[in-house]
Amino acid sequence: MESQKVWVNDVNEGYLLGSIVDIGPNGPTVHTINNKQIQSTYDGVFPAEDDDNKEVDDNCALMFLNEATLLNNIRLRYKKDKIYTYVANILIAVNPYFEVKNLYSSPTLKSYQGKSLGTMSPHVFAIADKAFRDMRATKQSQSIIVSGESGAGKTESTKYVLRYLCESWGSQSGQIEQLILDVGLLIDLIFDCRPGARITGSRTPIL
């Protein structure tokens with residue numbers, strides 16, 4: 001186990017990449033890539049991928065799936081403006097706080113129509129498309145839960161889901177789409193006015 005590449009808990013960074021240099025009765029000693037020696041517990045280290053720069057569309061495709069490798073994969077993708085990542089059929093979205101070019105353009109929207117989940121890059125459009133196609137196939141109602149902390153981008157994600165459904169499958173949806181979006185904005189404003197709403201970030205829009 002010595003010299004094995006691992007992620008180790010760190011107070012400031014969350015996790016640091018390093019290698020096990022010694023194994024003691026209470027846990028391993030890890031030498032990190034920034035030359036720190038960390039005495040950890042056994043439950044404080046996690047196996048790391050062989051390739052430090054490996055990034056995948058779906059976290060389930062990682063050789064070692066744990067909290068550290070999941071966060072590292074999301075970080076690597078975020079640096080490439082890939083703000084969406086799957087965990088099976090769950091979509092993780094990281095708010096970029098800037099406009100990613102062509103991410104929500106009409107050609108991009110159309111490219112996801114009728115495509116099975118996982119055949120294209122992770123996207124909120126893919127989740128919306130799957131929900132609609134599953135509804136038609138099973139003849140049952142479908143739900144999309146958009147959850148996250150305050151400011152994470154839940155409202156924007158909900159808008160893009162509605163836009164996809166209206167533009168892809170709606171009939172003369174312009175006015176209906178706007179009404180739905182207006183109602184969503186009104187609900188969002190009502191929740192924002194509640195004491196502590198922005199602090200707790202407990203709102204969960206459900207479609």
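The largest pocket is lined by 33 residues, and those lying nearest its centre are Leu91, Ala93, Val124, Val146 and Ser157. A pocket here is an open set of points on a 1 Å grid over the protein atoms alone, with protein on both sides within 12 Å along at least five of seven lines, and a lining residue has an atom within 4 Å of a point. The volume of the largest pocket is about 870 Å³, where a volume is the space filled by probe spheres set on the points, and grid points are joined across faces, edges and corners. Keep in mind that this is a predicted model: local features need pLDDT of at least 70, side-chain atom pairs count only at pLDDT 80 or more, and totals for chains, interfaces and linings use all residues. Residues are numbered from 1 along each chain as its sequence is written, and side-chain values use heavy atoms, with hydrogens and water left out.

Which elements each supply at least two residues of this lining? They are strand S7 (90-93), helix H3 (124-138) and helix H4 (154-169); helices (H or I, at least four residues) and strands (E, at least two) are DSSP runs, numbered from the N terminus. By residue class, the lining of the largest pocket divides into 20 nonpolar, 8 polar and 5 charged.

The UniProt record, an unreviewed entry, places the feature "binding site" at Gly148, Glu149, Ser150, Gly151, Ala152, Gly153, Lys154 and Thr155. From this set, the lining of the largest pocket takes in Gly148, Ala152, Gly153 and Lys154. UniProt positions are given in the numbering used here, feature names are shortened, and annotations may be inferred rather than shown by experiment.

Two members of the set deserve a look of their own. Lys154 is found in helix H4, and it counts as buried because its relative accessibility is 6%; buried means under 20% relative accessible area, exposed over 50%, and partly exposed in between (1.4 Å probe, protein chains only). The side chain of Lys154 reaches the backbone oxygen of Gly148 at 3.2 Å. Thr155 also has its place in helix H4, but at 23% relative accessibility Thr155 counts as partly exposed.

A cavity is a set of points where a 1.4 Å probe fits but cannot get out, and the count comes to 2 cavities of 30 Å³ or more. The largest cavity has a volume of about 80 Å³, and its lining includes Lys5, Trp7, Leu17 and Asn73. Helix H1 (67-79) and strand S1 (5-10) each supply at least two residues of that lining, with the largest share, 3 residues, coming from H1. The lining of the largest cavity divides into 4 nonpolar, 3 polar and 5 charged residues.

The second largest cavity has a volume of about 40 Å³. Among the residues lining the second largest cavity are Tyr86, Tyr112, Lys115 and Met120, and the whole lining divides into 5 nonpolar, 3 polar and 1 charged.

Finally, find Asn35 in the loop between strand S3 (28-32) and strand S4 (37-39). Asn35 is exposed, with a relative accessible area of 61%. A polar contact of 3.2 Å joins the side chains of Asn35 and His31; such a contact is a pair of N or O atoms within 3.5 Å, where, within protein, one must be able to donate a hydrogen and the other to accept it, and residues adjacent in sequence count only if both atoms are side-chain atoms.

Notes: Ala, Val, Leu, Ile, Met, Phe, Trp, Tyr, Cys and Pro count as nonpolar, Asp, Glu, Lys and Arg as charged, and the others, Gly among them, as polar.
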